[in-house]
Amino acid sequence: MTLAIVLAAGTAAAGLTTSTGEPLTERLAAQLRRAGADEVRFAGDLDELAALADAADGPLLITGTDLVAHTAVLRHLATSPVGPTVALVLTDPPVPGRTAVREERGQVVDAGPLDALDGDATGVFGGALRVGVDDLPTLAAAARAAASGVLPVAAPIGPVGDVAPLPAAGGAGHGGPGSAVDRLVAGLAALGTLIFAQRVRLLVAHRVADASGLAAAEAAVTAVDEDRAELRLSVKEKDDFFSTYFVSTWSPYVVRLSARLRLTPTGVTAISVLFALAAAVLFGVGGRPALVGGAVLLYLGFVLDCVDGQLARYTRHFSAWGGWLDTMADRAKEYLVYAGLGFGVSHAGLGNGWALAIAAMTLQTVRHMTDTWYGVLHDEAARRPRVAAGASGGIGDRLNAASTRVQADTGSVSYWLKRTVVFPIGERWALIAVTVALFNPLVSLIAVLVWGVLAFAYTGALRTLRARWMWVPVLDTVDATLHRDDGPLARRLPVVRPMGPLTLAVIAALGPAVLLVVALLGDAPDGLRWAVPVALVVLLAGGLGAGAAHNGPLDWLVPAALRAAEYLFAIAVGVVGEVPGWLIFGYVLVLTVHHYDLTARLEKRQAAPPLHAATLGWDGRSVLLALAAIVGVAGIGLATLGAYLLVVFVVSVVLAWFVRPARSARAFVAPVGAGGAAPR
């Protein structure tokens with residue numbers, strides 16, 4: 001249940017009347033109901049709001065009384081999927097008494113009076129915010145502090161999250177500076193709450209102080225077609241080159257048609273998977289008509305891959321399940337295409353296509369792991385207090401400043417080069433479609449590998465330099481054991497702290513890498529079974545860092561290094577055991593599904609998979625494969641373990657997304673005790 005609160009304290013707009021003769025506060029209340037609020041309450045002051053926050057059992061949608069906006073602005077705020085707590089941010093000129101904000105990567109990292117932001121303000125608070133359930137106690141604390149005239153202000157010393165209560169300028173009590181909603185959001189930010197920014201873009205929202213301002217804002221709202229703007233807003237504001245110019249120019253028409261047909265985003269995702277699967281089959285069949293047809297289906301599948309997200313934004317149908325499914329489906333589609341290309345190469349006698357497909361999948365998965373954790377690193381760095389100007393310097397500082405300048409120069413050649421060189425998914429699918437249609441699957445896989453390696457080298461080098469400059473640990477802010485994917489063996493190994501977890505993870509990858517190279521170059525790989533235990537011992541060195549602190553500037557690379565180590569070992573076992581390429585590909589594919597599940601849950605802020613312990617960890621799985629290789633049944637070992645992990649994954653998905661939510665729903669509506677009343 002979403003409760004909306006109109007906070008009337010500290011604003012002169014409470015008595016304004018709209019052009020229809022309706023009080024502005026009443027129109028806001030009606031808009032909040034249309035935006036999805038189950039109930040609307042009016043709070044006369046911050047103490048009353050704090051009491052409502054204490055009693056609430058769902059998210060709160062809070063506005064001041066001076067907001068004039070499209071209803072869609074409030075609906076977008078109420079349904080925003082970016083995080084539990086979201087604030088409306090405008091580009092209007094700052095007004096005395098209003099809260100200014102500094103935003104980085106979609107997060108409000110600072111909020112307060114304009115002069116307190118030292119010229120770093122990127123927008124102004126729009127007078128409306130949604131607060132998630134977990135942040136309600138902090139909201140109540142911020143409201144009571146602001147009501148008493150004492151605002152919590154982030155302390156300049158100590159670890160992140162420390163706060164020091166300081167008197168608010170302008171007096172105590174309810175006479176503090178600015179409206180109550182402005183002081184509220186400033187206090188919420190100062191208490192360390194993770195607040196995401198919601199921009200209006202093509203819609204209209206303004207805060208007004210008098211009748212003339214109200215009239216101008218109403219005219220601006222009327223001048224914009226709300227539905228048409230929402231359709232255009234369904235397209236990402238900043239997308240990649242291929243998506244921007246070859247998909248999003250016409251995909252909104254598909255979005256509108258899908259909405260009229262009552263298709264859901266999940267349904268569109270399923271259709272896009274079928275298109276990718278059909279393309280993969282045609283790539284495997286070979287022949288020019290099949291390759292061209294597969295390229296067309298691949299392009300259309302990517303269009304639908306964009307449409308599912310655009311449809312979700314247009315219809316405001318968001319869910320954790322839908323977001324997770326979209327992430328998993330994207331990876332499954334891409335790797336099915338690699339499988340089709342690999343089979344096509346081998347089927348046509350052009351070479352070892354499965355080896356190229358395995359290499360492409362492994363490279364892309366490790367790249368995605370670094371992307372995920374660098375994003376976490378960057379978000380964490382944005383929340384840290386800025387270093388004083390002139391106090392840092394160095395190449396990392398210069399790279400960071402250069403990157404910021406390029407990103408701000410939207411549409412320039414340098415902007416598009418920066419976005420394209422990293423080889424995003426749109427460019428990968430476009431490259432595959434063009435090369436396979438004009439040439440053959442072999443050229444396509446080689447092109448993907450070459451561009452992928454160059455992009456990995458480019459992003460890896462720059463991110464390493466920037467990360468060393470930022471020096472922000474991220475793995476120590478989460479369950480490192482979970483995201484390392486450690487099993488029972490790694491958790492029980494002694495800790496070697498002087499070397500650091502990243503060094504040990506890199507060493508762990510070297511043993512399997514050497515074994516794989518020797519097996520590929522040798523004439524009799526089966527004779528290397530004696531070397532498998534040696535490679536396993538080197539691999540298990542990665543477990544020596546499991547219990548160490550992951551607080552180094554580059555320790556965000558540990559999960560990716562461990563993924564690479566496990567994949568290389570599994571591939572080496574397959575090559576040594578002379579296992580068919582398709583079976584090695586299938587096993588590594590199952591591993592990638594398991595690891596993407598972990599990262600998708602991290603991005604969607606979900607708990608660990610229900611059966612995570614049953615996956616045995618990278619160390620347990622590798623020990624089982626080593627035993628199978630030594631005994632001489634590597635193929636059986638890969639097939640059996642892969643099937644087991646796939647079953648565990650499917651059961652875990654069913655438990656996490658269907659069984660447990662259904663049980664929770666039944667428990668919520670079930671009577672309490674014999675003849676008791678259902679909880680409200």
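1. Setting aside neighbours within four places in sequence, Phe569 is in contact (heavy atoms within 4.5 Å) with Pro512, Val532, Ala535, Leu536, Leu539, Ser622, Leu625 and Ala626. The model is a predicted one, in which local features need pLDDT of at least 70 and side-chain atom pairs count only at pLDDT 80 or more, while totals for chains, interfaces and linings use all residues. Residues are numbered from 1 along each chain as its sequence is written, and side-chain values use heavy atoms, with hydrogens and water left out.

2. Phe569 is also named, with Phe283, Tyr338 and Trp556, among the residues with the most contacts inside the largest nonpolar core, which has 113 residues. Such a core is a set of buried Ala, Val, Leu, Ile, Met, Phe, Trp, Tyr and Cys residues joined through side-chain atoms within 4.5 Å; buried means under 20% relative accessible area, exposed over 50%, and partly exposed in between, with a 1.4 Å probe and protein chains only. Helix H22 (residues 558-576) supplies the largest share of this core, 14 residues. Helices are DSSP runs (H or I, at least four residues) numbered from the N terminus.

3. Another core lies apart from the largest one; it has 35 residues, including Leu7, Val131, Ala140 and Leu188.

4. The axes of helix H2 (residues 46-55) and helix H4 (residues 136-147) come within 8 Å and cross at roughly 165°. Axes are lines fitted to C-alpha atoms over the stretch in contact, and angles run from 0 to 180 degrees between N-to-C directions. H2 and H4 are therefore roughly antiparallel to each other, a term for angles over 145 degrees. On the H2 side the contact is made by Leu46, Asp47, Leu49, Ala50, Ala51, Ala53 and Asp54, and on the H4 side by Leu136, Leu139, Ala140, Ala143, Arg144, Ala146 and Ala147.

5. Arg262, in the loop between helix H9 (251-260) and helix H10 (265-285), has a positive phi of about 60° although it is not a glycine. Arg262 counts as exposed because its relative accessibility is 76%. Leu616, in the loop between helix H23 (581-603) and helix H24 (617-631), likewise has a positive phi, near 75°, in a residue other than glycine. At 27% relative accessibility, Leu616 counts as partly exposed.

Terms used
Helix = DSSP H or I, 4+ residues; strand = E, 2+ residues; numbered from the N terminus. Parallel < 35°, antiparallel > 145°, perpendicular 65-115°, else oblique.
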